[in-house]
Amino acid sequence: MNMQREKELGSRYSDAIKQARQIKDKAERKAAIKAAKEIYKRDDPVQIDGEYFGSHKAIPEHIKYFTMLAHADGIDLFRGGPFNKRKELLTTVPWTSVKDFSYTENQQSNESGRVTLTRAAAFGVFALGMKKKKVDSKLELISTLKTKSGDIVLEYKSHIDNTRSTSGSIINASNNSLIKANKKFRISVIAHTNEKPEKIEI
């Protein structure tokens, strides 16, 4: 899915660069190459996922696992989450139908400590000052795409008992990647809907 869009973009970019390099005037050639690079950066596919709640005419029902993929021609809407290899393409929203995209992020973490039996046996009363620390983390991410045919709302929730465990650190990294993807998704929407870009740190 994403890989196919990246291949399409790569092919377009290669053709644009080849044409730009054939321009004889040095200043025009340089400007054409720069423009091709800016378009490539703007159209670089970015996807986000979550549980679907919304009012879009093409998707009336609630969908547990849902993915949106922004690319050069619009936003693809899929039934299926990040671990579904065969996602079902429901519809593609053209950029002319996109009105706005926003997201809200609510992340909380709490650090606590406990004395393990191993440490208690090894260090006795001194083990009280050597508690094994654990970080509990919660994330709620709401992504909202407004279109002329209705709103698409994705909700993602995550609760990690211990972010310092192996599985916890993997989930935490995945959560951070999704937050970053939402930031890039917003930049893509702004760029394709001709809004005045705002400075967003990634």
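**Ground rules.** I number residues from 1 along each chain as its sequence is written, and side-chain values use heavy atoms, without hydrogens and water. Because the model is predicted, local features need pLDDT of at least 70 and side-chain atom pairs 80 or more, while totals for chains, interfaces and linings use all residues.

**Entry 1: the largest pocket.** I looked up its volume and found about 610 Å³. A pocket here is an open set of points on a 1 Å grid over the protein atoms alone, where a 1.4 Å probe fits, with protein on both sides within 12 Å along at least five of seven lines. The volume is the space filled by probe spheres set on the points, which are joined across faces, edges and corners. The lining holds 21 residues, each with an atom within 4 Å of a point. Asp 49 is among those nearest the centre.

**Entry 2: Asp 49.** I found Asp 49 in strand β1 (strands are DSSP runs of E, at least two residues, numbered from the N terminus). Is Asp 49 buried or exposed? Asp 49 is buried (under 20% relative accessible area, 1.4 Å probe, protein chains only). Its contacts (heavy atoms within 4.5 Å) include Tyr 156 and Leu 178, leaving out residues up to four places away in sequence.

**Entry 3: Ile 59.** Ile 59 sits in the loop between β1 and β2. I note that Ile 59 counts as buried because its relative accessibility is 1%. Beyond four places in sequence, Ile 59 touches Tyr 52, Phe 66, Leu 77 and Leu 90.

Key
Helices (H or I, at least four residues) and strands (E, at least two) are DSSP runs, numbered from the N terminus. Buried means under 20% relative accessible area, exposed over 50%, partly exposed in between (1.4 Å probe, protein chains only). Lys and Arg count as positive and Asp and Glu as negative; His and the chain ends are not counted. A salt bridge is a side-chain nitrogen of Lys or Arg within 4 Å of a carboxyl oxygen of Asp or Glu.
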